[in-house]
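I opened my notebook to look over one protein model.

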Amino acid sequence: LNYKNNHAELAYVEAQRTSAYLRERKTFSLFVKDALEKIKQDFFIFLMFGSAVTKKRKARDIDILFIVKDKKDVPMSEKTLQNIATSFSIAFDIHVIAIESVYEMLGKRDQINIMNETLNNHLIIVGAENYYRVLQYAR
């Protein structure tokens, strides 16, 4: 699949991967459920990345990336996710960024940053089509 053209197909594959992952990890599934109930945004991309995606055994922490449309939405979304995370025994490393920061990070291909880390190792919870659309326009 070509991430520049096959957004609907990629979103379907991501949904299948996410469903399988959440079925196996009940605690993380509850975190996702709580987050989706409490986040009040029209546009967002919600994904996890890092070692928790690929490791079969328990990871040290779960890296979360939450992308919002506007910078003004970052503090409230971050606070909401952090508050939800405190209810769980899993350690979360939560990052909330605005879409303009995504484009800035993707423009720096040779630097290590959150967006470049997500390219090879991610699991998209919500917003797969938007994630691939962002990649298309940024690259």
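My entries below go from the whole fold to single side chains.

**Entry 1: the fold.** I noted that this is a predicted model. I listed seven helices and four strands in the protein. Along the sequence I read the pattern α-α-β-α-β-α-β-α-α-β-α. The radius of gyration is 14 Å, close to the 14 Å of the globule rule for 139 residues, so the protein is as compact as a globular protein of that length. I looked up the box filled by the C-alpha atoms, and it is roughly 40 × 35 × 30 Å along the principal axes.

Entry 2: The accessible surface comes to about 7900 Å². Carbon and sulfur atoms hold 48% of that surface. Of the contacts with a separation of 6 or more, 65% join residues 24 or more positions apart.

**Entry 3: charges.** I looked up 21 positive and 17 negative charges, whose mean positions are 4 Å apart. How many salt bridges does a search of the whole structure find? It finds seven.

Entry 4: I took E100 and K71 to begin with, whose closest N and O atoms are 3.2 Å apart. This pair links distant parts of the chain, 29 residues apart. E100 sits in helix α5, and K71 in the loop between β2 and α4. E100 is partly exposed at 47%, and K71 is partly exposed at 49%.

Next I checked E129 and R133, which meet in a salt bridge at 3.7 Å, N to O. Both lie in helix α7, four residues apart, about one turn of the helix.

Then I noted E24 with R25, at 3.0 Å. E24 is exposed, with a relative accessible area of 55%.

How values were computed
Residues are numbered from 1 along each chain as its sequence is written. This is a predicted model: local features need pLDDT of at least 70, side-chain atom pairs count only at pLDDT 80 or more; totals for chains, interfaces and linings use all residues. Side-chain values use heavy atoms; hydrogens and water are left out. Helices (H or I, at least four residues) and strands (E, at least two) are DSSP runs, numbered from the N terminus. The radius of gyration is taken over C-alpha atoms; the globule rule is 2.2 Å times the number of residues to the power 0.38. Contact means heavy atoms within 4.5 Å. Accessible areas come from the Shrake-Rupley method with a 1.4 Å probe; for residues, only the protein chains shown count as cover. Lys and Arg count as positive and Asp and Glu as negative; His and the chain ends are not counted. The place of a charge is taken as NZ of Lys, CZ of Arg, CG of Asp or CD of Glu. A salt bridge is a side-chain nitrogen of Lys or Arg within 4 Å of a carboxyl oxygen of Asp or Glu. Buried means under 20% relative accessible area, exposed over 50%, partly exposed in between (1.4 Å probe, protein chains only).
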